[in-house]
Amino acid sequence: MERMSGPDALMLNMETATTPMHTLKLGILDTGRRGRPLGLDEIHTALAMHLGAFPRATQRVISIRGHRARPFWVTDNDFRLDRHLEEVTLKGPGDEHFDELLAELATGRLPRDRPLWALTLVHGLADGRQAVVVRVHHAVADGLAALNCFLHATSESAGGPLPQRHPLPQPSSLIADGRDLDHRQMRAMARRDTPRLIAALPSVVVGAARTARAAQRFDRRALVPRFMGAQRTSLSTPSAHRRRCARSVLRLADVQRAAVATGTTVNGVFHGIVAAAVRQEMIARGEVSARPAVAMFGVCRDLTSGRTEGNDLATAAAYLHTEVADPIERVRLTAASCSASVALRRATGFELTDQLATYTGRLGPRARPIAAPIAPRVMNNVTTANMPGPRQPRWVGDIEVESWTSFALAIAPADVNLTAYSYAGVLSLGLITTPESMPDPARFLARMSEALDELIEALAAEGLMDTKASRRDHI
């Protein structure tokens, strides 16, 4: 039994009937080497031998009256692996059918009577490929934790060594007959928490003041958007429960070379390309603005951490300089804002974010759906994530994982959420939106590819990049 942390509870409490809070992790599998498709029974057997390495995979959420803001993780003694596994066959091999399936999986909420994850084996992709789509609630894992789970479950080469076996845990004595949970111990644990939280309040106030002073003294503060500093656009149109998904890739070598040529970083170029795509989207909608758009993204406390559960990040906001027509200048300005935003986050620290999430409980999640449709200004126009992943393809036995894509959360009022993972030489893009905010997400990703081409051409024209140069690493 474990009390949920503040950041994890925040992710749980954000969920509503129209805002599912699970992410999608998509792996495209090439089973051609083995000569036969992967079966759901094989997945069941493999998971049964290794799922014990991930405690959250066999724990469910229990809330008790009077302490619902931070529920408990409790071992599910009625855990049945088959209830988390399913398989589907696409209506056709085209991307359209697959993206429709992804949108459907992104929409349906995960049941709360079992651990908050599910796996879907997908048949019917082009060229005999298969796919595995894992739905995992954001309360269980953030992007880094999910990536570490993926790395733990795969190897670096075909037929590489499997991870050490961790069979499913034995049932706990806390549940009698798999049904009647002893709430008394949870209430006792929650009551012991209360005096500690009250005693810590002065330090939280001091920490808030210290954070505010550090932000005021930050020498690049002008490069970072202020709170609620984004102009509301049609990207923040009130929306319902439907979702749309689209996938694409960018050549990582091109992004790296552009980063070298502009004197920025891969993350800076990525956000500069996002800025270009947003700019073109706004032009197409007749919403050209002299003000830059704003992106919000998470900054991990420790990118080297090997954790496989939980949320250990804080948000940062950066200007997407959509008002700038020149592609090189747009990238440089956007990259400077991204760099300053990350530096500001690290200067102010992560502790206050954790503490506030613990104290605010359900207040923030309850206020968001009320204010999101009507607030004249919003925190951001686009939500992004950019995670470094493996340089080479990963393997499950003799099955190559050709691609790895993540789809995050579409949360009003910024219903456009773009996740990028570097994987095996490409920047893998997963875009999730609502139909109201982004009717054609595939077109938006095409704008990103066009923006990268435009940037490379502009750099070549200025003599800053040799389009025939060999690839370089610059991460």
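**Charges on the surface and in the interior**

Asp326 sits in the loop that runs between strand 13 (313-320) and helix 8 (327-348). Before I go on: this is a predicted model.

How exposed is Asp326? Its relative accessibility is 40%, so it counts as partly exposed. Asp326 belongs to a patch of negative charge on the surface, together with Glu329, Asp453, Glu454, Glu457 and Glu462. Which element gives the largest share of that patch? Helix 11 (residues 441-461) does, with three residues.

Now to charges that are paired. There are 27 salt bridges in the structure. I will take three of them.

Arg70 and Asp193 are both buried.

The next pair is Arg285 and Glu281, in a salt bridge at 3.0 Å, N to O. Glu281 has 8% relative accessibility and so counts as buried, whereas Arg285, with a relative accessible area of 24%, is partly exposed.

The last pair is Asp354 and Arg301, with the closest N and O atoms 2.5 Å apart. This pair also links distant parts of the chain, 53 residues apart, with Asp354 in helix 9 (residues 351-360) and Arg301 in the loop between strand 12 (293-300) and strand 13. Asp354 is partly exposed at 21%, and Arg301 is partly exposed at 29%.

Methods
Residues numbered from 1 in each chain as written. Predicted model: local features only at pLDDT ≥ 70, side-chain atom pairs only at ≥ 80, totals over all residues. Heavy atoms only, no water. Patch = residues over 30% accessible without salt bridge, like charges linked within 9 Å, V, L, I, M, F, W, Y side chains within 5 Å. Areas by Shrake-Rupley, 256 points an atom, 1.4 Å probe, with all protein chains shown as cover. Salt bridge = Lys/Arg side-chain N within 4 Å of Asp/Glu carboxyl O. Lys, Arg positive; Asp, Glu negative; His and termini not counted. Charge placed at Lys NZ, Arg CZ, Asp CG, Glu CD. Helix = DSSP H or I, 4+ residues; strand = E, 2+ residues; numbered from the N terminus. Buried < 20%, exposed > 50% of the residue type's maximum accessible area, 1.4 Å probe, protein only.
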